[in-house]
Amino acid sequence: MILLPEINKAYLNYLEKNGQFSYLHKKNIMRVLSAFHDYLETSKVALSNIKIEDIDTFLIELNKRFSPATQKFYLLCLGKFIKYLYSECGILDRDISPLLE
């Protein structure tokens, strides 16, 4: 079982409540959020201080193991999570999700 921090659980609840959540994708969304959380902890980067460079480095490491289709899905998941942190939680000072490619 994947253990998630409270912000990740709140995000999953937000997706479900707003109809942007497919049960089939839940495990994959949880996997990428958990891996991102682990990366931030290991790198000693606070969620409120993430920069696009942190996300790029994380995705480079994560994507080594996955097909292009999975990489695209994980990028989309992470982008939506970053947007949520900015627009719904106010944790980020600006929305850096459009910078993800």
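Glu 61 is partly exposed in this predicted model, with a relative accessible area of 44%, and the side chain of Glu 61 meets that of Lys 64 in a salt bridge with an N to O distance of 3.2 Å. Lys 64, for its part, counts as exposed at 62% relative accessibility. This pair belongs to a count of 3 salt bridges, and side chains of opposite charge can pair in this way when their charged atoms come close.

**Pairing within helix 1**
- The side chains of Lys 9 and Glu 6 also meet in a salt bridge, here with an N to O distance of 3.4 Å.
- Because Lys 9 and Glu 6 lie 3 residues apart in helix 1, which covers residues 6-17, the two are separated by about one helical turn.
- Glu 6 is exposed, with a relative accessible area of 58%, whereas Lys 9 counts as partly exposed at 39% relative accessibility.

**Pairing between helix 4 and the segment after it**
- A salt bridge joins the side chains of Asp 95 and Lys 83, with 3.0 Å from N to O.
- Lys 83 sits in helix 4 (68-87) and Asp 95 in the segment that follows this helix, so the pair ties together parts that are 12 residues apart in sequence.
- The relative accessible area of Lys 83 is 42%, and Lys 83 is therefore partly exposed, given that this class lies between the limits of 20% and 50%.

Technical notes:
Residues numbered from 1 in each chain as written. Predicted model: local features only at pLDDT ≥ 70, side-chain atom pairs only at ≥ 80, totals over all residues. Heavy atoms only, no water. Salt bridge = Lys/Arg side-chain N within 4 Å of Asp/Glu carboxyl O. Helix = DSSP H or I, 4+ residues; strand = E, 2+ residues; numbered from the N terminus. Buried < 20%, exposed > 50% of the residue type's maximum accessible area, 1.4 Å probe, protein only.
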